[in-house]
Amino acid sequence: MSDIFFNKKKSKAVVQFSIGKKILMLSAAAMLPFLILAVVLLISMNNYSRTYDKLVSNMTIANNYNLNFKEEMDESLYKLVVGYVDYENIWQDETLKDPYILIGELREDFERLVDITTEPESRGWLESLIRNIDTLEKRVDDILESIRIGGQYDKNIEELDNNIYILTELIQENIQYYIYYQTKSIEAVTDRLHGQIRNFIVICGLLVVILMAFTIVMAFVITSGILRPVRILHDATQKIAEGDFSTRASVDSGDEIEGLSHSFNDMAEKMQVLIQKTKEDEQRMRWLDLRLLQEQINPHFLYNTLDTIVWLIEGNQEEEAVDMVVALSDFFRLVLSKGRERITLKEEKEHIKSYLDIQAVRYRDILEYEIRIDPSLDDYQILKLTLQPLVENALYHGIKYKRARGYIHITGRKEGEQLRLAVSDNGVGMEAADLEQLRRDVKRPCSETDKGFGLANVNERIHIHFGPEYGMQIWSEKGKGTTVELTIPAIKKGCPEDAVTAEAGKEQGSR
């Protein structure tokens with residue numbers, strides 16, 4: 001089941017409309033109308049500013065001539081008529097100006113104003129002003145021609161009074177009317193701007209009301225779109241916390257929460273598979289323990305031991321019989337171990353010693369043994385019935401068939417964070433082909449193993465408890481003996497049993 005689950009393809013959620021985009025959309029919906037209003041207002045203010053600046057500039061030009069032109073023109077022509085200065089030398093007097101230069105400057109500036117003026121009243125007065133400038137220029141031509149001929153003083157004075165002064169007065173009046181209507185234009189522009197501002201305030205107020213309602217609706221829609229999936233995930237996690245690992249979260253929001261729901265569903269499915277596997281491992285472990293316990297309480301072993309005790313009593317070897325009864329009692333006490341799965345290495349050594357003490361009476365002529373495990377390792381934990389099946393295998397399949405004295409050596413050492421425990425014998429050993437077959441049998445589940453059940457049982461229980469990186473290795477050579485070595489984690493007494501077991505289960509599940 002776990003292989004199928006972990007090998008199948010997972011469909012990944014594609015974020016189509018992220019939470020960030022939803023929040024950005026809400027912000028844009030709130031800000032865009034105000035941005036449009038601000039742009040419209042800025043454009044209106046810019047247009048007003050340019051129109052106002054143009055009008056003020058035109059009025060400034062006109063006002064300069066309104067203040068100076070008549071006075072300068074009248075004074076310059078009068079002094080020319082009375083002979084105060086000659087036309088050819090007029091430039092030498094800083095207080096006087098050439099009439100033609102004054103007329104040319106006036107015509108140039110006001111012709112430009114005609115081109116840029118659009119108001120009918122202002123334009124009419126400018127056109128009248130241009131006509132008066134043309135007439136003034138002709139009258140100046142007449143006066144200067146009379147001065148050049150000479151002898152026409154009275155006529156020139158009359159020309160000044162009846163034409164020049166009247167024309168400059170008309171020109172000044174044209175300028176003043178132009179300024180007046182430009183002032184009226186400024187007032188119209190200002191009134192139009194004030195009207196736009198009032199309309200802007202009204203529109204802005206209405207828009208704020210509409211926007212507030214729109215924002216509330218959008219906020220409700222968007223927050224519901226965010227909170228509804230979160231609520232679904234919350235409910236699903238509560239069900240997982242209550243132990244219902246079949247719960248799945250169905251979210252189709254198209255955002256990151258949908259991706260989170262897919263990850264949550266993957267996690268829940270993995271947890272369901274791992275919990276199911278843990279239950280299966282626990283059931284299998286109970287079966288293994290029960291089967292191994294049945295092997296230890298083998299009727300043949302018990303009958304043979306009791307026969308030996310009877311034989312010792314009949315032979316008046318009461319002390320040896322008592323020792324053997326004590327060893328048998330210790331053996332079964334350690335086999336049961338009060339239901340514990342783990343015991344200390346010291347207890348396992350006592351169990352082995354009790355077993356070998358019992359067997360040494362029956363096989364006194366062929367069996368010698370030695371247990372060389374450093375006492376500093378006594379507090380380290382080991383699964384019960386781990387070394388005893390290896391010792392039993394060495395006795396029945398190695399020493400027993402040698403038909404000569406044999407030795408069993410049990411050793412143990414610590415390497416880093418691991419314990420290495422070995423059972424060696426100098427028995428009959430195995431051919432290479434038999435050794436390979438035994439290695440394959442040991443790696444298979446013991447329920448499928450016909451031979452080497454005790455070794456396969458030990459190896460499988462180590463895998464279940466500690467993980468596949470721990471377990472059993474076997475070396476053997478025909479005629480020289482066999483060595484079985486176990487590698488388990490170095491865990492001292494007091495370490496929670498399920499910590500390492502849970503980690504091992506996790507690693508097996510990930511594989």
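Good morning. On a 1 Å grid over the protein atoms alone, a cavity is a set of points where a 1.4 Å probe fits but cannot get out, and its lining residues have an atom within 4 Å of a point. The model before you is predicted: local features need pLDDT of at least 70, side-chain atom pairs count only at pLDDT 80 or more, and totals for chains, interfaces and linings use all residues. Residues are numbered from 1 along each chain as its sequence is written, and side-chain values use heavy atoms, with hydrogens and water left out.

I begin with the chain. Its secondary structure comprises 13 helices and 7 strands, taken as DSSP runs (helices: H or I, at least four residues; strands: E, at least two) and numbered from the N terminus. Of its 511 residues, 41% count as buried, that is, under 20% relative accessible area with a 1.4 Å probe, protein chains only.

Which residues line the largest cavity? They are Leu 390, Asn 393, Ala 394, Val 423, Asp 425, Thr 482, Thr 483 and Val 484. Helix α10 (388-399) and the strands β5 (418-425) and β7 (481-489) each supply at least two of the lining residues. The volume of this cavity is about 30 Å³, meaning the space filled by probe spheres set on the points, which are joined across faces, edges and corners.

Is Arg 107 buried or exposed? Arg 107 counts as buried because its relative accessibility is 16%. Leaving aside residues up to four places away in sequence, Arg 107 touches Ile 130, Ile 133, Asp 134 and Glu 137, where contact means heavy atoms within 4.5 Å.

Key. Buried < 20%, exposed > 50% of the residue type's maximum accessible area, 1.4 Å probe, protein only. 1 Å grid on protein atoms, 1.4 Å probe; cavity = no way out; pocket = protein on both sides within 12 Å on 5 of 7 lines; lining within 4 Å.
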